[in-house]
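Please open the model in your viewer and keep the sequence beside it, as each stop on this tour begins with a selection.

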Amino acid sequence: MITMSAAMSALAQTVGVVPAQDGSNSFTLEDLNFGGNNYYNMVARNKWCVWWGDQLVRQDAESCWLVDKNTGKEKSLFSLSDINSAIASKADFKVHSLYNTSFPYAGKTLVVIKEGSRIITVDFAKHALISTHEFADNEQVLEFCAKSEAVAYLKDSNLCVTRGMRDWKLTDDGSRQIVYGQSVHRDEFGISKGTFFSPDGTKLAFYRMDQSMVTDYPQVDIPELGFDHPESESCIAKAAPDKYPMAGETSHKVTVGVFDMNTGNTVYLKAGDPTDRYFTNISWSPDGSTVYMFELNRDQNDCRLVAYSATTGERTAELYRETDAKYVEPQHPIVFLPWDSSKFIMQSQADGYNHLYLCSIGKSGSRMAGNTVSLDVRQLTSGKWVVMDMLGFNVRRKSVIIASNELSPIQRDLFSVDVRTGKRTLIDEGGKGWHSATLSAGGEYLLDNYSTPDVPRRIAIVNTASGKCVSYFVADNPWQGYRVPEYSCGTVKAADGTTDLYYRMVKPVNFDPNKKYPAIVYVYGGPHAHNVDARWHYGSRGWETYMAEKGYLLFILDNRGSENRGKEFEQVTFRQLGQEEMKDQMKGVEYLQSLPYVDASRIGVHGWSFGGFMTISLMTNYPDVFKVGVAGGPVIDWHWYEVMYGERYMDTPQTNPEGYKKTSLLYTAKNLKGKLQIIQGYNDLTVVPQHCLSFLKACIAAGTQPDFFVYPGEPHNMRGHQSTHLHERISQYFFDYLK
């Protein structure tokens, strides 16, 4: 049951308009593009804060400030000069910024500062250096554990741990073939790292990935001859192979080790042959005796929560199993209740939407043969909306704090959920917009950093028990004085005739409804992403504003298959990526064509990655609709995409040959009529160059004429100022051919 006033409910508006703003200044890509020389002056100002227990600290380069949670007022905690003075007698280095500070010890005046190859701890009240960890060039810090002050790091590809005066080398076979302590399964299934300290910090679970059996993709590094290139170095391009498991091919083998600092012993979890399984979302029991993880079969339709002894590595229980006719996507580790070590929160889409489940561990009455424990599962949240994040717990009130889109599919709001009753209470400021928050250690307070379609940024301090919001910061409009277009948001029906799809429209500056304008469809359309939400300007990208200033109308639609709308919405694309998405995008195009101010003979399309795939799909499946397209880093044939992502949505080429052929753009290359530019990072490790090169080969055979541009040395996305060069190129292509 949601508790909020009728007035608050009325604020959950999902369709609206942000009016155009008059101004005399014009934008450039240096202003609007990430990587541009003036970009950071055009972004709404922010305040960077971290929690120190339930106290709030603001960081900047020169000082840290203690923030009064009831008033938002600040007082100086310490300065950069204070820190350097404290360490001067024991160290021969200086700290240069206080932005990388943390306060992991509630009630203690200790600050941890990470800078370059150092991790230092300072008692800022006593002006004393407590500890220093310094790492060499051949060492890479993986994780610092504040509880035990241990650090996991790599040294020449081998996993090591240091704590106090002790240093352990856990492995000796680390290499490009055998990878330790890093993210595995190509960052799928919610994996973002490879080391996991126990609650008391004395044990370390870690990934070991054997990829010796995975085929090398032949990447090539080209030296920067002419750019301070030493004459002694070879100027010949070098092979830089990358282990890339493609759909249907042999994948890597993953195992999980556990190192105990008290004994110096390492055991590996006895999970059996891992060749055809994925191990993800590793977590610990509160007492550090048990390691939990979700195990997913290669078909990704059978997921099990399994427990292992951290001492022996023995499998002790299978607690939960979830299957699906299409796929299961474990994305979150279980989290134990701070006040009850026999209960944990699990997230699942079992009922069609991602929700919280309260799980109670028992000692008997097993539901599955071979278990030593049982599990009682009770759904804690429900409804046709998704839990987008679980921020933590208010320990005193026994509640869990979540972010969800319950109020609107394009909003992200914050709620407190009573763990005993499931009652939900809206606790963010305003009940509209897109809220990103951090929770204090005890869960008593939230720092709510959010924007709405017409507000670039607000920050509030929220009491999670009372719901009281203290306004802490309101950013000025960084675009004041500039000519800003009108941003609007609305819905169209999907190709199924019933589902609402959200779009964003950016009208040209100085819009005249009596004129006809060229329109550009910007598209992504793939899983685990969306483009339209209730942020400032409905989430509009700077490039859209730039093109609107040049006289183009921009249209962006989140088709079925994109995120945050539930399992049925997402899984409609199963085994046929791009097909239903194109149908939905064409419903958006039909809407565009119905507008009297859109020139239906001048419609373009642009996207990157999955959006590049969608761009070429639309250009070659609807060649008479789209006059111009720019596709960046496009998937061309799902045969050549990675195992984990590709097989989840397409199955294998062996089991779904019709789907792979139906979605391959090699067969549609002959249909190309309009002007198409393909852009690729030459060292793309995500969508490897084989995709675009094979499409070019198919176009040559068919006699069609795309354009092609490559960025040597760049990965999947252009970095730094090269991104500005990229968007100059994209823009110019539309200027040239979609006039």
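Begin with the four strands β7, β8, β9 and β10 of this predicted model, which form an open sheet in the order β7-β8-β9-β10 with antiparallel pairing. If you colour β7 (101–102) and β10 (128–134), you will find them at the edges, where each has a single partner strand, so one side of each is left without a neighbour in the sheet. Now select residues 110–115 and 118–123, which are strands β8 and β9, paired in the antiparallel sense over 6 bridges. Within this pair, show I113 and look across to β9, where I120 stands opposite. Strands of a sheet pair in this way through backbone hydrogen bonds, either parallel or antiparallel.

Most residues other than glycine have a negative phi. A second stop of this kind is R575, in the loop between α5 (567–571) and α6 (579–594), where phi is again positive, at about 70 degrees, although R575 is not a glycine.

Then select residues 610–621, helix α7, whose 12 residues should span 16 Å at 1.5 Å a residue, in agreement with end C-alpha atoms that are 16 Å apart. Is this helix enclosed by the rest of the structure or left open? Of its 12 residues, 11 are buried, so α7 is largely enclosed; among the buried ones are F610, F613, M614, I616, L618 and M619.

From here, turn to the largest nonpolar core, which has 59 residues and in which L592, F626, W638 and F695 have the most contacts. The largest share of this core, 6 residues, comes from α7. Centre the view on F626 and display its surroundings: leaving aside residues up to four places away in sequence, F626 touches V521, M586, V589, I603, G604, V605, L618, M619 and G674. A second, separate core of 37 residues can be found by selecting some of its members, including V484, V532, Y538 and Y711.

Finish at helix α11 (residues 722–737), where 16 residues should span 22 Å at 1.5 Å a residue, and the end C-alpha atoms, 23 Å apart, agree with this. Colour its buried residues, which are S723, T724, L726, H727, I730, S731, Y733 and F734.

How values were computed: Residues are numbered from 1 along each chain as its sequence is written. This is a predicted model: local features need pLDDT of at least 70, side-chain atom pairs count only at pLDDT 80 or more; totals for chains, interfaces and linings use all residues. Side-chain values use heavy atoms; hydrogens and water are left out. Helices (H or I, at least four residues) and strands (E, at least two) are DSSP runs, numbered from the N terminus. The expected span of a helix is 1.5 Å times one less than its number of residues. Buried means under 20% relative accessible area, exposed over 50%, partly exposed in between (1.4 Å probe, protein chains only). A nonpolar core is a set of buried Ala, Val, Leu, Ile, Met, Phe, Trp, Tyr and Cys residues joined through side-chain atoms within 4.5 Å. Contact means heavy atoms within 4.5 Å. Two strands pair if DSSP finds at least two bridges between them.
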